[in-house]
Amino acid sequence: MPSANNKTMAKKFDLSGLRIPEHVAIILDGNGRWAKKHHVPKNVGHSKGSDNVEKIVEAAHDMGIKYITVYAFSTENWNRSEKEVSALMKLLRDYLKQCLKKSKDNNMRCLIIGDKTGLDQDIRDSIDELEEFSKDFDGITFIIALNYGSRDEIRRAVQTIAKDCADGKIEASDISEDTISSYLDTKGIPDPDLLIRTSGEIRLSNFLMWQAAYTEYYFTDVLWPDFKPKHLFKAIEEYNNRDRRYGGRNEDDE
């Protein structure tokens, strides 16, 4: 994970003059297709994908990215076969334990977003332990979207806002976009500047839909287990070619 090799990374990739996105979100797509391509079981593809997360988070840190969010398991993923879901949950349990040591070794804060109530208690306990253990680390913030769906996140936020209105904690007339953002799972986290999706699919798939309103999207045919730091760098280069106007207009466009 993050290793403070910024100078080494700068030598490997020419970062000079580039605007480095503060927050990068990634839809990790293509583990199953990678497994099929290599004639191995799906769980091998998911394992390879999990291993690759570490390499990309390390590269992101070394490039100067402050936040990275990965879409690990969606609310819709429960519809997959029982065998595949069980394998993913086992992988998750192992990964959360590994993150305890890695967060300490690399000064990495870990956060999990999504509906944790839908997860087994031992997984929820591991999440609580990891978030508490790493809360004061001030290197890269690694965010895992787990049992996450953007519509579900917004639904849960609306329910809580409605309850707080009923309890007199807030007035309906005072609800602003900032108010809504403060009730989302990503409270306190800046919106993503760049969203990457691997494996050739071109859609959000219910991921960070509120937060990605003005995010730059980058789609690549590369399968997630094959996604390397060079591909992350290419995405950042493309990000630098975008003109982020947030609905405004440059004078040159007049």
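In which helix is serine 50 found? The legends below, which describe a predicted model, begin with this residue.

View 1. Serine 50 belongs to helix α3, which comprises residues 42-63. Its relative accessibility is 13%, below the 20% limit, and serine 50 is therefore classed as buried. When neighbours within four places in sequence are set aside, the contacts of serine 50 are with Leu91 and Tyr95.

**View 2. Packing of helix α3 against helix α8.** Two packed helices are described by the angle between their axes and the distance between the axes. For α3 and α8 (residues 229-240), the angle is about 45 degrees and the axes are 9 Å apart. The two helices, α3 and α8, are therefore oblique to each other, and their crossing is right-handed. On the α3 side, the contact is made by Ile56, Ala59, Ala60 and Met63; α8 contributes Pro229, Leu232, Phe233 and Ile236.

**View 3. The nonpolar cores.** The largest nonpolar core contains 44 residues. Those with the most contacts inside this core are Ile26, Ile68, Phe142, Leu146, Leu194, Ile196 and Leu232. Helix α4 (residues 82-105) supplies the largest share of the core, namely 7 residues.

View 4. Most residues other than glycine have a negative phi. Histidine 39, however, has a positive phi, near 55 degrees. This residue, histidine 39, is located in the loop between α2 (31-37) and α3. With a relative accessibility of 72%, over the 50% limit, histidine 39 counts as exposed.

View 5. Asparagine 107 is another residue other than glycine with a positive phi, here near 55 degrees. The loop that holds asparagine 107 runs between α4 and β3 (109-113). Because its relative accessibility is 30%, asparagine 107 counts as partly exposed.

Methods: Residues numbered from 1 in each chain as written. Predicted model: local features only at pLDDT ≥ 70, side-chain atom pairs only at ≥ 80, totals over all residues. Heavy atoms only, no water. Core = buried A, V, L, I, M, F, W, Y, C linked by side-chain atoms within 4.5 Å. Buried < 20%, exposed > 50% of the residue type's maximum accessible area, 1.4 Å probe, protein only. Helix = DSSP H or I, 4+ residues; strand = E, 2+ residues; numbered from the N terminus. Contact = heavy atoms within 4.5 Å. Axes fitted to C-alpha atoms, helices over the stretch in contact; angles between N-to-C directions. Parallel < 35°, antiparallel > 145°, perpendicular 65-115°, else oblique. Left-handed = near helix turned anticlockwise from the far one by under 90°.
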